[in-house]
Amino acid sequence: GLVVEQVRPKTPAEKAGLKAHDVLVQLGGKAVPTSTTELRKLLGELSLAKGVDAVVIRAGKQETLKGLTLPALK
């Protein structure tokens, strides 16, 4: 997975409940790679406009965030 370094205010990530220091381990049922390049590939494969579930590790506990949406990658 990858550590979320920051979450900008009023973004879909913030609305879905992502927080700085979360460890993102799954998106849409798929494991999150440790490489940002591989993460971009994964994001391109998912239907993020419709919303996916994200699994994070927060304060040592696993949590599922429902309906994370992101704009299409350019």
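Predicted model: local features only at pLDDT ≥ 70, side-chain atom pairs only at ≥ 80, totals over all residues.
Trainee: Which elements make up the protein, and in what order do they run?

Mentor: The protein holds two helices and five strands. Read from the N terminus, the order is β-α-β-β-α-β-β.

Trainee: What makes the protein as compact as a globular protein of that length?

Mentor: The radius of gyration is 11 Å, and the globule rule gives 11 Å for 74 residues. The two values are close, so the protein is as compact as a globular protein of that length. Along the principal axes, the C-alpha trace spans about 30 × 25 × 20 Å.

Trainee: Why is R58 called buried?

Mentor: A residue is buried when its relative accessible area is under 20%. R58 has a relative accessibility of 16%, and therefore R58 counts as buried. This residue belongs to strand β4, which covers residues 52-58.

Trainee: Which residues does R58 touch, beyond those up to four places away in sequence?

Mentor: R58 touches G17, L18, K19, D22, E63 and L65.

Trainee: How do you know that the side chain of R58 makes a polar contact with G17?

Mentor: A polar contact requires a pair of N or O atoms within 3.5 Å, one able to donate a hydrogen and the other to accept it. The side chain of R58 reaches the backbone oxygen of G17 at 2.7 Å.

Trainee: Where does H21 lie, and why is H21 called exposed?

Mentor: H21 lies in the loop between α1 (12-16) and β2 (23-27). Exposed means over 50% relative accessible area. The relative accessibility of H21 is 63%, so H21 counts as exposed.

Trainee: What makes the phi of H21 worth noting?

Mentor: Most residues other than glycine have a negative phi. H21 is not a glycine, yet has a positive phi of about 80°. A59 also is not a glycine and has a positive phi, of about 55°.

Trainee: Where is A59 found, and how do you know whether A59 is buried or exposed?

Mentor: A59 is found in the loop between β4 and β5 (61-68). With a relative accessibility of 77%, which is over 50%, A59 therefore counts as exposed.

Trainee: Why is K15 called exposed?

Mentor: K15, a residue of helix α1, has a relative accessible area of 68%. This value is over 50%, so K15 is exposed.

Trainee: How far apart are K15 and L68 in sequence and in space?

Mentor: K15 and L68 are 53 residues apart in sequence and 8.0 Å apart in space, C-alpha to C-alpha. For the protein as a whole, 44% of the contacts between residues at least 6 apart in sequence join residues at least 24 apart.

Conventions: Residues numbered from 1 in each chain as written. Heavy atoms only, no water. Helix = DSSP H or I, 4+ residues; strand = E, 2+ residues; numbered from the N terminus. Rg over C-alpha atoms; globule rule 2.2 N^0.38 Å. Contact = heavy atoms within 4.5 Å. Buried < 20%, exposed > 50% of the residue type's maximum accessible area, 1.4 Å probe, protein only.
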